[in-house]
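Hi everyone, thanks for coming.

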Amino acid sequence: MPKPVVLIAEELSPATIEALGGDFEIRHTEGADRSQLLPAIADADAILVRSATQVDAEAINAAKNLKVIARAGVGLDNVDVPAATSAGVMVVNAPTSNIISAAELTMAHILGSARYFGAGNTSLKAGEWNRKKYTGVELYEKTLGIVGLGRIGGLVAERAKAFGMRLVGYDPYITQARAAQMGVEVLDLPGLLAVSDFVTVHMPKTPETVGMISTEELKAAKPGTRFINVARGGIIDEAALAEAVASGEVGGAGIDVWNVEPPEHSALMDLDAVNVTPHLGASTHEAQEKAGVAVAKSVRKALAGELVPDAVNVAGGAIHEDVRPGIPLAERLGRVVNALADSSVTHFKVEVNGEIADKDVSVLKLSALKGLFKDVVSDQVSYVNAPLLAEERGIGVELVTDPYCESFRNITRLTATTSTGQRISVSGTVTGPKLVQKLTEVDGYSLEIELTDNLLIFRYEDRPGIIGQLGLALGANNVNIAGMQVSPASTSNEALSVLAVDSVVSDEVVKAVAGAVNASAFTGVSLQED
């Protein structure tokens with residue numbers, strides 16, 4: 001079998017290639033050059049980029065085998081996430097790779113603003129000696145206002161405490177308990193601006209946060225406050241900030257991110273009290289290596305068919321180790337449901353019973369949906385677009401959990417209703433140190449048979465001699481039986497048999513065997529991968 005193709009579209013660290021390992025064919029291209037990118041991506045299974053490569057709808061449509069887009073960094077401005085989702089392509093980034101680098105750059109800008117590093121450096125290199133002009137302030141006992149108390153904001157708080165600063169913060173989503181752990185007093189934004197000597201923003205760029213600090217907020221700030229932005233361009237209004245610094249209302253600023261990058265000439269660049277850098281938040285050797293290694297590991301998981309917790313277009317978080325064995329089981333059960341369905345599914349319920357019910361098992365719903373569509377949709381089906389396929393088809397999907405499980409440690413049960421009113425249910429579990437997948441129920445009939453690649457399911461009138469007749473009929477058609485489980489009639493006079501067989505059985509043979517035992521319902525199920 002040919003190795004999956006991983007396309008490296010920009011320069012990444014050697015550690016990134018090493019983290020990918022030897023299971024892939026590694027190719028390189030110049031991602032910023034469309035004439036190179038589009039033909040190179042055509043047969044790629046994964047593409048790794050930084051910020052220069054535009055992975056847009058055109059590129060995604062050109063990539064017929066693409067399963068994962070990996071951005072070795074935090075932002076995703078150069079990736080069309082909706083187009084990737086529609087195509088079933090997973091998008092991953094490295095959300096924590098640069099947090100230390102960004103926090104340290106924030107401290108550099110706070111210190112640089114306090115002591116006029118930029119202007120002092122330029123002045124001295126120009127032959128001037130302006131010690132008095134560039135008299136700054138200490139950080140000790142000054143108040144630092146942190147707008148956004150997430151991972152980077154928390155790291156800034158931790159470092160600022162070492163300088164003896166008082167910490168106040170604004171974040172609509174933080175709890176008082178968490179803020180107290182960080183040593184931060186929570187205020188509303190006007191209250192924070194009124195008391196802060198330095199203000200640093202660490203918010204995502206959204207319609208709500210663009211321009212959140214503009215003319216009105218700058219006028220309400222404590223006179224002489226210095227503003228720092230290493231988060232995203234536009235959160236602080238550049239024009240309003242330049243005007244406030246020029247007028248003396250604001251003491252200074254440190255800006256690393258811009259509305260347009262590279263920025264057109266900004267009035268901020270003409271002011272001695274403003275230090276500027278060209279979006280250096282993640283520009284350290286350590287951050288680049290962490291980002292590359294993180295996304296390489298995600299690519300390995302994605303191409304192995306696993307759910308990647310850091311995927312930005314897949315619901316669900318980190319997968320508990322006790323839940324993980326149920327992922328392939330749920331997908332195979334979903335394929336069994338599809339094989340049993342006589343028409344399109346209109347409602348789909350995933351029930352998880354047992355010890356894992358108190359964990360986050362949302363991944364099992366995704367996996368079951370992936371299995372439900374795998375054999376009926378011509379396009380690629382993944383954890384990414386399976387919920388979208390269900391939504392497009394008007395299928396109601398629900399997830400139910402219950403810690404009680406009578407016969408096994410855990411059971412996953414899928415129940416489907418079709419457009420004709422047919423009700424289907426299948427259940428399964430994973431047992432033993434080898435994590436053997438077992439089919440434990442079909443349509444209310446209790447079983448315990450290994451969920452092998454090829455199964456035959458027959459329902460028929462419960463009477464003597466049927467097992468022998470099944471064996472004779474299959475033998476006559478050169479089908480070898482590897483295992484068999486019979487569930488006798490309970491509420492009806494019909495029994496159900498599930499047979500594990502060694503190979504795929506044609507529809508004609510399944511019908512012939514069903515006819516030999518006068519089966520009222522019969523299905524051949526193939527769970528082999530393509």
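Let's start with Arg335, which counts as buried because its relative accessibility is 4%, and the cut-off for buried is under 20%. One thing to keep in mind as we go: this is a predicted model.

So what does Arg335 pair with? It forms a salt bridge with Asp375, and the closest N and O atoms are 3.0 Å apart. Arg335 lies in helix α13, while Asp375 is in the loop between α14 and α15, so the pair ties together parts that are 40 residues apart in sequence. Asp375, at 41% relative accessibility, is partly exposed.

Helix α13, residues 326–340, also holds Arg332. Arg332 is buried too, with a relative accessible area of 14%. Leaving aside residues up to four places away in sequence, Arg332 touches Gln437, Leu451, Thr452, Asp453 and Leu527.

How many salt bridges does the structure hold? There are 20. Another of them joins Lys133 and Asp272, with the closest N and O atoms 3.6 Å apart. Both residues sit in loops, so this pair ties together parts that are 139 residues apart in sequence. Lys133 is exposed at 52%, whereas Asp272 is partly exposed at 41%.

Then there is Arg27, whose side chain meets that of Glu25 in a salt bridge at 2.8 Å, N to O. Salt bridges with shared partners link Glu25, Arg27 and Asp43 into one network.

Last stop, the surface: Glu18, Glu104, Glu286 and Glu289 form a negative patch. Of these, Glu286 belongs to helix α12 and is exposed, at 52% relative accessibility.

Note on methods:
Residues numbered from 1 in each chain as written. Predicted model: local features only at pLDDT ≥ 70, side-chain atom pairs only at ≥ 80, totals over all residues. Heavy atoms only, no water. Patch = residues over 30% accessible without salt bridge, like charges linked within 9 Å, V, L, I, M, F, W, Y side chains within 5 Å. Areas by Shrake-Rupley, 256 points an atom, 1.4 Å probe, with all protein chains shown as cover. Salt bridge = Lys/Arg side-chain N within 4 Å of Asp/Glu carboxyl O. Lys, Arg positive; Asp, Glu negative; His and termini not counted. Charge placed at Lys NZ, Arg CZ, Asp CG, Glu CD. Helix = DSSP H or I, 4+ residues; strand = E, 2+ residues; numbered from the N terminus. Buried < 20%, exposed > 50% of the residue type's maximum accessible area, 1.4 Å probe, protein only. Contact = heavy atoms within 4.5 Å.
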